[in-house]
Amino acid sequence: MAFAAFATTAAKSGEPAPRRRSRVALLLLLPGILYLVLFFLTPLVSLLLTSFQAPSEFGDVGEFNYAFRWENYTEVVGAYLPHILRSFGFAFVATVLALVISYPLAYFIGVSSRRWPLLQSVMLVLVIAPFFISFLLRTLAWKQLLSDESFVVTSLKAVSLLAPDAHLTGTPFAVIFGLTYNFIPFMTLPLYATLERLDLRYLEAGTDLYANPFHVFLKVTIPLSMPGIVAGTLLTFIPAAGDYINASRDFLGGPDSQMIGNVIEANFLVLLNYPIAAALSLILMAVILVVVSFYVKRAGTEELL
Amino acid sequence: MKPRPLPADPMVRQLVQQARNAQIARRTLLTGAGAGAAALALAACSPGANSAPTAAADSSDDDKSLNWDNWALYIDVDDAGNYPTLEAFTTKTGIKVTYSEAVDDNNTYYGKVKDQLALGQDIGADAVCLTDWMIGRLIRFGYVQELDHDNIPNLANLAPSLKDVSFDPGRKMSVPWQGGFAGICWNKEKVPGGISSVEELWDPQLKGRVGVLSEMRDTMGLIMLEAGVDIAGEWGDDEFAAAIDVLKKQVEDGQVRNIKGNSYKEDLVNEDTLAAIVWSGDIIQLNAENDDRWEFIVPEKGGTLWNDNFVVPIGSSRKKNAEALINYYYDPHVAAEVAAYVNYITPVVGAKEAAMAIDPELANNQLIFPDATTLDRAHVFRALSGAEEQKYNADFQGILLGA
């Protein structure tokens, strides 16, 4: 692709003094590497070791010893499989919903309103605006808006879209709603970034070749905006799968809509069952890694990463 | 190989335990050689689980300062944001107090300081107020210092019922700061008939609009009391399991939708919750802010009584200053001043009489200065052993997580 072409020429022009450059580069990389070793690798190794700990003999709450107890993993999957599946299910639905909502929005900002830069900027600000308020506050606000005696719920009941004794807060619906809402900007912005660069002449060419608008969209626009779609879905799916705020019982969730993040939180903070929490965190990480690499491979956009 | 029973002496017991653990660690590290040096380095960093830390040397005589970690809205504050009783304390004793609202949850606070406590390090606080059960855990682990009662003569004013608690007989390690009830409350407009027992919370009319606390001892305590269990006395797995079944059924049926900590207040205000198991102090405060919309009772079969207690963390070098602070707050007049601001139960005998002079209406409020009949209904959840705490918490969290 175009980017790859640029990359190779850049590499060629910088060839003359490779050795010195690499030393400087290494020096420049050092802070980053140190940072990663200290704040990523060390905790990761510690987490891995914790996940194999066993309760210490005659131990009290929260006392564990290293014992290579791999059964932690099977136990965790046995006990919390519904939560693991639910997390990925919720994250998947929220990602799809966010994509469906964000794509037309990003298209409108990035393509349709190209002739009116002011409108474009205003729309972009509107998409980013929610970031100015803490997302905890925004989620709490939704909890109020969806509460039993709220306008939303009473109206839905009045038109019989909701059963008289039904409610929204504390249900899977509310959790998915919250996830979708909170991650829409993360989907919209990368989509906008690619759609804004979309060369409309390709679309014209498509029409010239007798493709109808739907086909042009399917065969030209979508493939060209694939980098944005992949980036947006990753930015939404990964954090959504590990999210524990929306599903928290203090926010939008209930006992039947708890996600893996909530289970990890409860095990770390309340039960002090660190090995279980660590094993769950690693499983979450591993599953996301597998899902994401498979997805990226299928989407054919390896050069993005 | 079956391990031999441990000797009774706690000191010897600990040494044996430590030796055994060291053995296990060596063996497993050799088999899991892959982790290698990194594992060893990390293992060295993390505190050993089984060695009790020792108390720091006291430097109170040269260091007239004190750090106090407490919960939010838990002391008298004037309009300028100062703490009048604390300022008076500084004037009286010359000890400068740094007061911080650092505790917002027993578990998260514990999570923050436990590694330092295990190593006997200073956690930056010389006095902390935490709830009974957490104090029980801290005492079990040896994370708090023994108090010198000679430095706290006013402790004679401690309410007799709180003198001998199961987690700290004789109050050697902890002294109550404030307490409260867990009971039942309901929305007076939406539930005009009122509610008199936990059983009535399971009324189908209230389906989906009932809340319970995410604090295991309060919710389970009330359910067990309803079943006739004396929660302060002898009970075991069977009684607890029966109560868990009750709660599990109500949650799975959708009768109970909300299981929350402090955030249950929002649900009462927006009426997601119409009736719930709640804490007394919150309802007094909510009623003051929302024109008396709720009624609170301690059910006839019983409610729970909990206290937040002062402790001196093991790494603090200013225990004597902390004792001076505790002594000061056990003066009935000072206690009454605090009670006039916070809406919880003071453990200080004589505070009611002192409060009478400040505000008679306050002194007659059953939830702040309860009389004998109200106190008779309130029970303290007995101290749990480590194994019990682990098991019961896991069962309770299982319901909360829908597992």
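How many Å separate the centres of domain 1 of chain B and domain 2 of chain B, taken over C-alpha atoms? The separation comes to 27 Å. The structure is a predicted model, in which local features need pLDDT of at least 70 and side-chain atom pairs count only at pLDDT 80 or more, while totals for chains, interfaces and linings use all residues. Residues are numbered from 1 along each chain as its sequence is written, and chains are lettered from A and ligands numbered from 1 in the order in which they are written.

We can start with the two domains. Domain 1 of chain B covers 65-173 + 312-368, and domain 2 covers 180-305 + 383-400; these bounds come from an automatic or database domain assignment. Where the two meet, 10 residues of domain 1 of chain B are in contact with 11 residues of domain 2 of chain B, a contact being a pair of residues whose C-beta atoms, placed from the backbone, lie within 7 Å. The side of domain 1 of chain B that touches domain 2 of chain B has 5 nonpolar, 3 polar and 2 charged residues. Here Ala, Val, Leu, Ile, Met, Phe, Trp, Tyr, Cys and Pro count as nonpolar, Asp, Glu, Lys and Arg as charged, and the others, Gly among them, as polar.

Next comes the overall make-up of the chains. Chain A holds 12 helices and 2 strands, whereas chain B holds 15 helices and 10 strands. Helices (H or I, at least four residues) and strands (E, at least two) are DSSP runs, numbered from the N terminus. Along the sequence, the pattern of chain A is α-α-β-β-α-α-α-α-α-α-α-α-α-α, and its C-alpha trace spans about 75 × 70 × 35 Å along the principal axes. Of the 305 residues in chain A, 35% are buried; for the 403 residues of chain B the share is 42%. A residue is buried if 20 or more other C-beta atoms lie within 10 Å of its own, exposed if 12 or fewer, and partly exposed in between, with C-beta atoms placed from the backbone. Among contacts in chain A between residues at least 6 apart in sequence, 66% join residues at least 24 apart. In chain B, residues 24 or more positions apart account for 77% of the contacts with a separation of 6 or more.

In soluble globular proteins, nonpolar side chains tend to be buried together. The largest nonpolar core of this model has 159 residues, and those with the most contacts inside it are Leu280(A) and Leu325(B). Such a core is a set of buried Ala, Val, Leu, Ile, Met, Phe, Trp, Tyr and Cys residues joined through C-beta atoms within 7 Å. Domain 1 and domain 2 of chain B both give residues to this core, so it lies between them. Helix 7 (residues 172-196) of chain A gives the most to this core, with 12 residues. Not counting residues up to four places away in sequence, Leu280(A) touches Val76(A), Tyr80(A), Ile260(A), Val263(A), Ile264(A) and Asn267(A). On the chain B side, Leu325(B) is one of the buried residues of helix 10. Helix 10 (residues 319-329) of chain B is mostly covered, with 10 of its 11 residues buried.

Helix 7 of chain A has 25 residues and reaches 35 Å from its first C-alpha to its last, close to the 36 Å expected at 1.5 Å a residue; the expected span is 1.5 Å times one less than the number of residues. A kink of about 45° lies at Phe183(A), shortly before the proline Pro185(A). The bend at a residue is the angle between axes fitted to the seven residues ending there and the seven starting there.

A few individual residues complete the picture. Asp69(B) lies in strand 1 of chain B and is buried, with 21 other C-beta atoms within 10 Å. Leaving aside neighbours within four places in sequence, Asp69(B) is in contact with Ser100(B), Ala102(B), Val103(B), Ala125(B) and Val128(B). Lys96(B), found in strand 2 (residues 96-103) of chain B, counts as partly exposed because it has 14 C-beta neighbours inside 10 Å. Tyr210(A) sits in the loop between helix 8 (200-208) and helix 9 (213-224) of chain A. Phi of Tyr210(A) is near 70°, a positive value in a residue other than glycine, and Tyr210(A) is exposed, with 7 other C-beta atoms within 10 Å.
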